[in-house]
Amino acid sequence: MELLKEGEDFPFQTADAAQSDLDLDEVTLAAKNAFGIKYLFAWQRIVIANILDSALGLPEDTPLLQTDDSFGEDDVASLTAADDSILLQTDASVGEDDIALQTGAAVEEECTASQTTAATEEDNTAMQTTATEEGDTALQTNATAEKDATSLQTTATGEDDTALQTATTEEEESLFYCGRQIVLLPTGAGKSLCFLTPALLLKGPTLVIYPLLALMADQKRRMDSGGIESVIFRGGQSPQEREENFAKIKKGAKIIIANPEVLQNKSIVKELAACKIQHIAIDEAHCVSEWGDSFRPAYLTLGKIIEELDCKTVTAFTATASPQVLDRVSQVLFGGQSHIVRSDADRSNIRYNVIYAAAKKRLAFRLAVTEQKPLLIFCGTRAKSEDMARELALYMGCDKVKFYHAGLEKAEKTATEEWFFNKSDAVLCCTCAYGMGVDKKDIKTVIHLESPPTAESYLQESGRIARDGSIGKAILLWNYADHKKFSAYPKNSREYKMLLFAESSTCRRQVLLDALGAEQAVCSGCDVCERGGKAPFAYDLNLALSFITKNRKMYGYSQTQALLQSEFNKKDLALFGLRIWDQEDILTILSELSSRMLIKKCRWPWKGRLTCEKCTNKDETNTLPKKKERPVTEAHLKIRRSFMFNRRKLVNKIIGKKKA
Ligand SMILES: [Zn+2]
């Protein structure tokens, strides 16, 4: 198929066909069926994911998910209610109920928002494309090609919040940003897949704007040969030709090819607006810049045309990496509110880590204190980011910790960004809204208190660190609630890939890249490779479990909770000089232990007391450490026999008493 020109549009993407169709998600499957592509590059997947997220909105069948909080509270409620002395909540159905419980779905969405961090691109080589435009204007394009695209990242340009004011919820806000992306990539890197693949999945047509007539004709020819129905609008067409075009669009043509000049025609734009265009792709978007030779006055009107077409999903492609040009593109097309996606996903200077902990907030606290700074903590919601910052500020001081989210006033946002930008020892607790207009290169650590919904967004968010080329550490915190939440998604969904990443027993970097495409990478750092095995059992669960094992059948639920709290605080007092563990943390730990069937309440005669259970969950994310086997000696047997004897005596006594 001519659509597939090796090295030109889809370089090397036909190689490496290891996956079976069953493993392919909807996007890759569409690309495979239409273009024979076996996989998509990570940056392509990010661009496509953003387009689909923005154009389709939230899928209706998004599983309803719980947050940690609801998880804990619910379990605790059932614990205190368990009067009949049978067990803590143990079975899996608890989880399912919790899922219906629902507090999370909206909350998690902020994570979808695409993101940020800017990088400067050096090494620009000028490349010249010259062509003549027949019908409209003759022109010259002098595109600057970016040579060295080593990082997948996003830079947000622009800070103006006016348009955002319509986005009322965090969810809408995240989708808003998803839909406004500037894709920075070298020429011939495979950008057409980025709009052709979603075009096949979207209900309405996709408008593709090219600067050159020659390019338009070439693309049309390729789409025809690839069996994708398309129409072309250019200068010099007769009214009949245009009528035919609109008739084809109404019949379901997927692609509308046009140039900016033809879109100056008001009646065409008006008629296009009636076609409900789902996505607008703008090629060579740097043509908006007056500073280069490639300036095209008609490009300046595209911002207004986008508005008239009433399309919320717009992707601008450019090869020019200079910050001024990017800023200009963002201003002209998006009123300054957009984000940048860069090609090449695997940042070899980022070390990926996943740590299991039931009380994730406590672990985040500890890591925020001990890990290298500047440090970002991504919290799932605005409230959580404020909460986390407040707790950390108690220990570290207000000048070292702040929070940042889209709910802040513009002045507050700017002040916080400036404050963090100039700090080398600070912690910022934020939502994914951070970074839209910030280019801080020396961030050393990023901690995800809540997992982003997809591997794409995880790559984008973790990609904000170590832009200066130094070693950065990305740490994802994971617990059983996450396991349940993500395993509720279908196995071929983008969300499920996050579970594969977090619970992998092989190289995490490879899992992440596999989830996004099939690029092979030599691991330059992940906890699994460094450790030589999967992540150990959660530290806090282990401690609590060994306490309960040691004191089994000794204490009731609330006693255990109080004792554990003091036990944990005793351990951390030396490190922090503060009692950082609160009741909520311990309840989270106990509820996770019980929902994993590791502890239970005893029956009579130790009614209500806690004891441990053997780990019976087979689908567990991590396994319990094996108990050391001790040889059974004669002394042991003697004690056991006398214990059994005493117990029988006790039972008889009680029964006897009752009878009497
Ligand atoms: Zn690795």
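Let's start inside the fold, at strand β7 (residues 206-209), which is covered on both of its faces. Thr206 and Val208 point to one side, Leu207 and Ile209 to the other, and all four are buried. Please keep in mind that this is a predicted model, so every value along our walk is computed from predicted coordinates.

What does β7 pair with? One partner is strand β9 (residues 255-258), joined to β7 in the parallel sense over four bridges. Another is strand β10 (residues 279-282), which also runs parallel to β7 and is linked to the strand by four bridges.

Ile51 belongs to helix α2 (residues 42-56). Is Ile51 buried or exposed? It has 28 C-beta neighbours inside 10 Å, and therefore counts as buried. Ile51 also illustrates how sequence and space can part ways: Lys312 is 261 residues from Ile51 in sequence, yet their C-alpha atoms are 9.7 Å apart.

Take the contacts between residues at least 6 apart in sequence: 79% of them join residues at least 24 apart. The protein chain has 660 residues, of which 49% count as buried, and its secondary structure comes to 24 helices and 20 strands.

Lys276 sits in the loop between α10 (266-273) and β10, and its phi is near 55 degrees, a positive value in a residue other than glycine. Lys276 counts as partly exposed because it has 13 C-beta neighbours inside 10 Å.

The bond joins Lys373 and Pro374, with omega about 0 degrees, and Pro374 is found in the loop between α13 (360-370) and β14 (375-378). Another cis peptide bond joins Trp604 and Pro605, where omega is about 10 degrees. Pro605 is placed in the loop between β19 (599-601) and β20 (610-612).

Finally, let's visit some helix packing. Two packed helices are described by the angle between their axes and the distance between the axes. Helix α22 (residues 557-576) and helix α23 (residues 583-595) have axes that come within 9 Å and cross at roughly 115 degrees. Their crossing is right-handed. On the α22 side the contact is made by Gln561, Leu564 and Gln565, and on the α23 side by Gln583, Ile586, Leu587 and Leu590. By type, these residues divide into four nonpolar, three polar and no charged.

Helix α23 also meets helix α21 (residues 539-550), with axes that come within 10 Å and cross at roughly 80 degrees. The two helices are therefore roughly perpendicular to each other. Here Asp540, Leu541, Ala544 and Leu545 of α21 meet Ile589, Leu590, Glu592 and Leu593 of α23. This contact divides into six nonpolar residues, no polar and two charged. Leu590 takes part in the contact with α22 as well as in the one with α21.

Our last stop is Lys553, in the loop between α21 and α22. Its phi is near 65 degrees, again positive in a residue other than glycine. With 12 C-beta neighbours inside 10 Å, Lys553 counts as exposed.

Conventions: Residues numbered from 1 in each chain as written. Predicted model: local features only at pLDDT ≥ 70, side-chain atom pairs only at ≥ 80, totals over all residues. Axes fitted to C-alpha atoms, helices over the stretch in contact; angles between N-to-C directions. Left-handed = near helix turned anticlockwise from the far one by under 90°. Contact = placed C-beta atoms within 7 Å. Nonpolar A, V, L, I, M, F, W, Y, C, P; charged D, E, K, R; others polar. Buried ≥ 20, exposed ≤ 12 C-beta atoms within 10 Å, placed from the backbone. Pairing = 2+ DSSP bridges. Parallel < 35°, antiparallel > 145°, perpendicular 65-115°, else oblique.
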